[in-house]
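Have the coordinates open and follow along with me.

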Amino acid sequence: MTPAKLDLLQGTLDLMVLQTLEAMGALHGYGIARRIEELSGNEVLLNQGTIYASLVRLQQRGWIAGKWGVSDNNRKAKFYSITRSGLRQLKADRSHWERLAAVMGRVLAGR
Amino acid sequence: MSAVKHGWARLTAIVHRDVLDREFDAEAQSHIDLAVDDCVRRGMPAREARRLAHLKFGGLDAARQQHRDARGLAWLDGFLYDLRFPVRALRRDRMFTLAATALLTLAIALNVTVFTIKEAMLVRGNPLAHESDRLVYIGSSRDGRWACRSPPSRPGAPRPRRSRPWHTRAAGAR
């Protein structure tokens, strides 16, 4: 039996989206979802549709900007890119996440 | 500042609900198209590709609702939505709405009137009530002289200062 996929913790998807946009430049929702799936080795349970809630949330906070454009294979799509305040947020979120992960690692290793 | 901007964005999202819903639908459609293209390019039959694309996207209605919850104020959105039904019902039944409004208007007006009178008489009361030693009765006695005395005080109240009849004081002053 294969182990069940990981449910995403609250807020982790937003961080993944920010990181993806920082690494890849402007990308549409489908591209972001694919990239996260690939990097996570398909271990994350992600309904690709949920990514749009994350995108609209990040956009309202001004951390990403979206613009309609045309994809390589001539499909209309909305392309997102990270803003300057988004980069700042990514830095803060990343260090918060790393601290949390380190603490969890230490606590779970204790006996 | 960014919190204000964010709050404003969420508030206007409710007003622009239809526009934003259409935007989401367009994005979802574009997402499915891109996914199908992707699978077909990797050699999947178009039918299978479409099925897989929808499967991976998940429920469209659920995603749309998530989109709404993320961008707006869910409670206000729900409240406005709930408000639509009674408003529609009231508009349908004009006579009932008119009668109910008239009745409510009368009842409120009556309440306000009664309350105003009662408040003036009972709550605000006599402005001198807390200085009862300055309150006097003035009257004339049968022999034509003026007299003045304090009202009878309640038990326990401080003894009024001026309890002498007016004319005696006036005589003393002269």
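This is a predicted model: local features need pLDDT of at least 70, side-chain atom pairs count only at pLDDT 80 or more; totals for chains, interfaces and linings use all residues.

At what angle do helix H2 (residues 17–41) of chain B and helix H4 (residues 60–71) of chain B pack?

**Entry 1: a helix pair in chain B.** I looked up the angle and found about 135 degrees, with the two axes 11 Å apart. I noted a right-handed crossing where H2(B) passes H4(B). From H2(B), the contact uses Arg17(B), Leu20(B), Asp21(B), Phe24(B), Asp25(B) and Ala28(B). H4(B) answers with Leu60(B), Ala63(B), Arg64(B), His67(B), Arg68(B) and Arg71(B). Sorting them by class, I have six charged residues, five nonpolar and one polar.

**Entry 2: over to chain A.** Next I checked helix H2 (residues 29–39) of chain A. Eight of its eleven residues are buried, so the rest of the structure largely encloses this helix. Among the buried ones I listed Tyr30(A), Ile32(A), Arg34(A) and Glu37(A). Just after H2(A), I spotted Gly41(A) with a positive phi of about 60 degrees.

**Entry 3: the core.** Which residues touch the most other members of the largest nonpolar core? I found Val17(A), Leu21(A), Ile32(A), Ile51(A) and Leu55(A), in a core of 34 residues. H2(B) gives this core its largest share, seven residues. I then followed Ile32(A): beyond four places in sequence, it touches Val17(A), Thr20(A), Leu21(A), Leu27(A), Ile51(A) and Leu55(A).

Conventions:
Residues are numbered from 1 along each chain as its sequence is written. Chains are lettered from A and ligands numbered from 1 in the order in which they are written. Side-chain values use heavy atoms; hydrogens and water are left out. Axes are lines fitted to C-alpha atoms, for helices over the stretch in contact, and angles run from 0 to 180 degrees between N-to-C directions. Helices (H or I, at least four residues) and strands (E, at least two) are DSSP runs, numbered from the N terminus. A crossing is left-handed if the near helix is turned anticlockwise from the far one by less than a right angle, and right-handed if clockwise. Contact means heavy atoms within 4.5 Å. Ala, Val, Leu, Ile, Met, Phe, Trp, Tyr, Cys and Pro count as nonpolar, Asp, Glu, Lys and Arg as charged, and the others, Gly among them, as polar. Buried means under 20% relative accessible area, exposed over 50%, partly exposed in between (1.4 Å probe, protein chains only). A nonpolar core is a set of buried Ala, Val, Leu, Ile, Met, Phe, Trp, Tyr and Cys residues joined through side-chain atoms within 4.5 Å.
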